[in-house]
Each structure stands twice: as structure tokens, then as C-alpha cells.
Protein chains: 2
Amino acid sequence: MGTVKKLINGIESVVPDTLRGLAAAHPGLRVDEENRIVYRAAGPRPGKVGLVSGGGAGHEPLHTGFVGYGMLDAACPGEVFTSPVPYQMIEATTAVHGGAGVLHIVKNYTGDVLNFQMTAELSAEENIEVAAVLVDDDVAVHNSIYTAGRRGTGATVFVEKIAGAMAETGAPLHEVVRVAEEVNARSRSFGIGLSSCTTPSVGKPTFDLGDTEIELGIGIHGEPGRTRSTMRPARDLAWIAMDALHEDLPLSGDTLVMVNGMGGTPLIELYIVFAEVVDYLAEKGARAARSLVGNYTTSLDMQGFSITTCRLDDQLTRLWDFPVETPALRWGR
Amino acid sequence: MGTVKKLINGIESVVPDTLRGLAAAHPGLRVDEENRIVYRAAGPRPGKVGLVSGGGAGHEPLHTGFVGYGMLDAACPGEVFTSPVPYQMIEATTAVHGGAGVLHIVKNYTGDVLNFQMTAELSAEENIEVAAVLVDDDVAVHNSIYTAGRRGTGATVFVEKIAGAMAETGAPLHEVVRVAEEVNARSRSFGIGLSSCTTPSVGKPTFDLGDTEIELGIGIHGEPGRTRSTMRPARDLAWIAMDALHEDLPLSGDTLVMVNGMGGTPLIELYIVFAEVVDYLAEKGARAARSLVGNYTTSLDMQGFSITTCRLDDQLTRLWDFPVETPALRWGR
């Protein structure tokens, strides 16, 4: 495989240039380019629990595209596929603290977990009450090159949306934590890669896939999944993913479903997958009561998709429907 | 180049399967799967001008993702990269007619133009007043394999949004036509392809590009642009595109800017391009007063981007800001 063309100015400037673009495109955001933190322009609201997330860049719109009313108060991007660092996160935590404590939303990767833990310790020294929710929804593998336990992927979007809504209603920290943990507990994800991704610093694909090869259970950094397999129709791929989810946590009732593109897959194909997901759910007596179809938790230019499901109840549905105003999710306001 | 993997069930079912997915994902839409028409679920509003657009599939979210309050009343997808047909469009035109006439928004490709003209003639027989606006914003080439004159690309999104808002305010057909034509007259686009796209019926890339080759002025069906060139930093590519726009219609003042992904390019790279566009505008004494950064007028899985600019005035800005509620654009409501 040859060189992969990327719209960048240089490897070091990928993240700063992205932040410049975000700041210019979204007047509702305030971007601290020096510390690499994206905030709501409106600043912290006294008495509201602050929500901070972060993780390696390359998964956009996660997390920077989910900053705004009803979701995050701040997002801290690291370098591509690299955890942000404690100095960034303590800065963000302090800045969004409105007196009611701060929730850290952490995807389960070793680097992220360690850096968020260190940030929590620093926050305690500053007398800021911090709690963390660990997202670990990916059923494909237990333990991986980056993770002890399951990886955190698409459910992060659900946790950020629903915990963000809960915080917006003025709920105290322990209630925001509870709902965040509940969303994670009810959510499962499985991804299928049709191609590798290419990190800018490497310049060529992370791994090779043959013309008809695919990776079942792919991670969001190009890390391996369960097994290699051969390409087949969208219906079969959707059913493989849904079987993996259903096996881990039986699907039933009203379900929040995300069919997520990995970055290089066109929207038309994601809708085709979603149609199959709906058929699958019907067969299990479940239904996609709420859904997202698009690029929400990407892996640079990777082709493929992931499916995330979350069993809804009345409260979670209300919180999902709660108004939101961020670059990547916007409704009801 | 090898086989390209696509999330489809078969070549014939690409469009029907996409429509099934759209219908399931968006309760605000009503999908006539037999006639391949996507409507607002709420149906036509008496006294409101109806807006119908359509064109080949493969450019999603264009046009089906722009059906809803404040934009289109109906969209008619053809097969991939193939015009819809008059029986579809007369059905849609009749269905959305609320007594105030119907505007057809037509991208300038020979097949689309002919089929929309035939539909207008059929509409006249049914005593429905129909007007058409032709979108021809792409400055890259005059005449092409599919087009007499300039091609219609990204400005279609601007025309659909602004004319849709105008219609929503209750303006009569001639005023909706006037504002649609004005948006087109003020808009220019230029695209750069880093890769080919692959139509499902062909199964391999439409053209070959070397490891460091790019196509300047690429069309949205993989048709050639002005010239081949070599890959270079995002800043240089953004400036090449902006120079082409500025040369055709000098940039100044408040500008509506779209940095559009061609389908296979990750969001992070589009923000990097947008940051450069903002610098370019500043140098010309212009500014991106409103913007979109994302996948809006795609070309299947093509990698690359296009930039569309439209000089704003107070009325156009108000109409851009008007509430909209569609799968792909949603704000203020």
C-alpha cells in the first residue's frame, strides 16, 4: 500500500490546526489553543455539575464536537490516538467547576484512565469534587493492546448526551454519575473494519487488509478485533454485529441505536446498514425508538461501521430528547 | 487497484435499501419507497410554495437529508449518479403542491435538466404552477461530460436552505424563485479530489490517481476537473481552491462558507482546511460569517473536499439563520 494523502499541514500541527478550524466554525465554543481545551463560550453555570471528557484526537466529532448546551462543558483532545495529559485536564476541570463538582467521562484505554486518575487527584488538592465514569461498551474483545477489560467506543456519545442532559436539569453530581453509569451498563458496541486507518505520523495504513478481507470487532485505533473474515453483503455484516451485541446483552424493548461510520464510509452505506439493524431488532421484539446514523466516533479515514445499542427507559428517553446544542448534535433548542 | 468494499446488499438495492434506512431513522420523513420519493411526514402546507429537488443518489445527505421544515418538501433520488425520472418528479410535485406553486431546484447536469423540464411540462397540464432554479456554481470547468455550462454542486445546499426558509415565511413563488436565483448567482464552488470514487455498479475506482496525485476542480461524479497536480499541504490546497473562487467572483464582506467533504475524508481534515479558508478570507477583507464544515454534497467514497462561498446580505443571513429541521441540518427549532 502506498502513501495516504491527508489534508494536513504537518504532523505536529494536526491538532492545533483542527482547533483553529473548530474555533472559527463554531461561535458557541471557546477554544484555548495553548492548552488544547474546547469550552462552551458561555462558561460554567453556577450550581451545574461540569462535564469534561477527552481522549486522543482522530475520533472527531468525539469529543470536541459534543461540547455545548446539554452535553459537555469541556473537551481535551490529545495528539492523534494519544491520551490528553493531566495539566490540560486539571485546567479544564477547574475552569468548568461551577461549585457542584465535575464528572470526567473516560473511555477505557490505559493511558486515558491513568491520566484522568491523576487529574482527579490533583482536583482533590484544589478541593474540587470529581467523579469519573468509565465507558467500556465494546464487546469485541476483553483486554487489548491498549486496554484492560473492554474498550470504550460509541457508547461515549450516549453517556455524554444523557449525563449532559441530567446535569443541565440541575441534578447533583451523584445523580449525574448514576445515570452515566446506567447508560454505560445498558450499552454495547461492535465494529467492523473494511480498511485500515492511517495515522498522520506514520503516513501508511496501520495494517493491511486484502481486497476481500474485513476485520470483525475492529477497535477505533486500528487495533485488531476478534478475527479476520471475508467481505459479504451489508445485511450479513449488520447481523454479525447485532448477534455479537445480543449475545452479550439480550436486545429487547425500546432501544437507542447508533450506526456509526468509522470516518471513510459514506452516509448512504450507513443507512443501508441501519435498515438491516431495524429488521434484526424487529425479529428480537425490540425497536430502534431513537437513533443516530452518521459519523460520531470515528477512526481517522477508516472504512467500516460500528453499531451501539442502549436499552431505553422513560427517564433515559426523556434525557436523550432533552435539548442539545453542540457542533455535532443539535435539537430542541 | 483492487475491488472496493461497499456496505450494500446488491447493486439494484442500493437506493431502496437507503430509503428503508432513512424512513426508519427519521420519523419526520415519509418515504414512498415504490416511487422513490422522500417527503416531510407533515405533508404539504396550504398556501406554502412547495420545494422539490432531486438528482442521482451517491451525494448524500443531498437531497434526501434536506427534506423537512425550512428546506425541501420532497426529494427524488435517482439511481447512483443517474437523474431521477419524470414519473417520480411529477408525483412529488403534485403531492407537495399546496396551491401556491412548486419550485424545482435543479443541479446543472444534462439528464437532470431534461427530466425536470419534462416534469414542468407535465405539471402545467395538471395546472400546477412550476418554476425551476438551475444551480451552476462550480467554477472548475465550463462544459463537461455531463454538463453544458458550469456544474451544479455545493451551492445546492445553500439554495435549498435559503429558498426553503423563504417559502416557509409564506412568500409567493416569484419571490422564492428570486432569492434562489440570487443565492446561486452569489455562490461559487471548487473541489479537489485526493482519490476516485467507486460506483457500486462498476465495483472499482472510476479513475486512477497516483500515490501523490490529486485532481484540481474535481466534479461530484468523479468527472475530471481542470488538471492533475501533486499532493501538497492543506493550506496550499485550500488557497488553490479559494483563488479559483476569488478569480471568478471576488470575495468580500460577510460570506457563507461550506467546507464540504467528498464522503471519504474525515472531519478532522475538513476543520484543518476551514482554518486556512478563514485566513484566506481575512486577507481579502472578507469573513466567514456563517459556515458549514462536514459532509453535505458527497461523491460516494471519494476523498477530498470542496469549498462553496456565498456573499451574504442581511436578508440572506436572516434566511440562513431561519429555523430548519431536517436529518442533515437542524437548528433553531
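1. In this predicted model, Arg150(B) is buried, its relative accessible area of 14% lying under the 20% limit used for that term. The residue sits in the loop that links strand 6 (130-135) to helix 4 (155-168) of chain B.

2. Two polar contacts of the Arg150(B) side chain deserve a look in the viewer: the side chain reaches the backbone oxygen of Asp136(B) at 2.9 Å, and a polar contact of 3.3 Å joins it to the side chain of Asp248(B). Leaving aside residues up to four places away in sequence, Arg150(B) also touches several other residues, among them Asn108(B), Asp137(B), Asp138(B), His142(B) and Arg188(B).

3. Turning to chain A, strand 11 (residues 286-294) is largely enclosed by the rest of the structure, because seven of its nine residues are buried. Strand 11 of chain A runs parallel to strand 10 (residues 253-261) of chain A, and eight bridges join the two; in one of these pairings, Thr255(A) has Ala288(A) of strand 11 as its bridge partner.

4. As for the arrangement of the two chains, chain A is superposed on chain B by a rotation of 180 degrees, with 0.0 Å of shift along the axis and an RMSD of 0.0 Å, which is the relation of a two-fold axis. Within chain A, the C-alpha nearest that axis belongs to Gly264(A), at 2.0 Å from it.

5. The copies meet through the same surface, because 100% of the interface residues of chain A are also interface residues in chain B.

Methods: Residues numbered from 1 in each chain as written. Chains lettered and ligands numbered in written order. Predicted model: local features only at pLDDT ≥ 70, side-chain atom pairs only at ≥ 80, totals over all residues. Heavy atoms only, no water. Least-squares fit on C-alpha atoms with pLDDT ≥ 70 in both. Contact = heavy atoms within 4.5 Å. Helix = DSSP H or I, 4+ residues; strand = E, 2+ residues; numbered from the N terminus. Buried < 20%, exposed > 50% of the residue type's maximum accessible area, 1.4 Å probe, protein only. Polar contact = N/O pair within 3.5 Å; in protein donor to acceptor, adjacent residues only side chain to side chain. Pairing = 2+ DSSP bridges.
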